[in-house]
Amino acid sequence: MSSPEAFRLRSLSVVLPAYNEQEAIISVLEDIVAYLAQRDVPYEVIVVDDGSTDATASLVQDYAARHSQVRLVQHQHNKGYGEALRTGFTAAQHDWILLMDSDGQFDIATLTEFIPLAEEHDFVIGRRSQRSDSLARSVLTAGYNGLVWLLLGLSYDAGCAFKLFRRSWWEKVQPIRSTDHKIFSVEVLWRAKRTGARIVERPVQHFARRGGTATGAGWHTIGPMLKALLRLWFEQVRHWLSSHRGQAAALIIASAVSLFTLGLVAFAYHDGATGQSLADSILTMWYRWDALHYLQIA
């Protein structure tokens, strides 16, 4: 393995989803441009304005007119954070993509710590070590991450909006069907891990918003998130069954045999004093288990 200083990103696309971020967007852009201007890497900054109703789009447009590396992509109406990510990742043209929120909650300088890890990984993703969010939002996220781990086996902070990954892997994991931003990120990582991507997680500092209002999570989002998460879980189960047909058949047979044996033992314990043979006990148990109840229903 080469030294950390030896590895360089060949080129970088920074994707900033934005919705009503007029208070923070310019200062965030200035930080990014100032940081990347000091690095020997071709780069672009893509701001995806997701139908903002404030001055976000016009501010970015004016800034992009003075900085050729910055470009604005607009949604005519608000489509949601997940669709903003999809638009930004698809528009990216360079080898690596850095996702970073436009509200100032992350420091672009954190990229310095991510780059050495990128040499041997396809995804370098952040985990918020100290969250600057409300208690309700933190509790909701903690519960959600636990559910993702339980159903999909992913132990990442998928909702952390500081991720560095290869653009080629964004293309490999298609199609991404989710639209909710938390499920969107989970599906990307889930498909990437299942396809063999090398993923590493690193703690990142999380700052308070520089302005605007958080819209990415709330109690009203629980229903849609659970529905989308269950869809991924069912897909995972189907995938496991299709790729482990022999094991699945053996599991079903073993379960049936175990239940039947348990029933036989229970029956023998209950009616063992009758002196019936094993064959008679099996037939009697089967009769009581199945045929009798069908006749009663009929």
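Which residues form one aromatic cluster? F89, F123, F165, W170 and F184 do. The model is predicted, with local features requiring pLDDT of at least 70 and side-chain atom pairs counting only at pLDDT 80 or more, whereas totals for chains, interfaces and linings use all residues. Residues are numbered from 1 along each chain as its sequence is written, and side-chain values use heavy atoms, leaving out hydrogens and water.

**View 1. The aromatic pair F89 and W170.** Seven aromatic pairs (ring centres of Phe, Tyr or Trp, the latter by its six-membered ring, within 6.5 Å) are found in the whole structure. F89 and W170 pair edge-to-face (planes over 60 degrees apart), at 5.2 Å centre to centre and 75 degrees between the planes. Because F89 belongs to helix α3 (residues 81-91) and W170 to helix α6 (residues 167-172), the pair ties together parts 81 residues apart in sequence; helices are DSSP runs of H or I, at least four residues, numbered from the N terminus.

**View 2. Charges over rings at Y35 and W169.** R39 lies over the face of Y35, 3.8 Å from the ring centre. The charged end of K172 sits over the ring of W169, at 4.2 Å from its centre. The criterion is NZ of Lys or CZ of Arg within 6 Å of the ring centre and within 35 degrees of the ring normal.

**View 3. The surroundings of T110.** T110 is found in the loop between β4 (96-100) and α4 (111-118); strands are DSSP runs of E, at least two residues. T110 counts as buried, at 12% relative accessibility. Leaving aside residues up to four places away in sequence, T110 touches F162 and V204 (heavy atoms within 4.5 Å).

Methods: Buried means under 20% relative accessible area, exposed over 50%, partly exposed in between (1.4 Å probe, protein chains only). Rings of Phe, Tyr and Trp (its six-membered ring) pair if their centres lie within 6.5 Å; planes under 30 degrees apart count as stacked, over 60 as edge-to-face and the rest as tilted.
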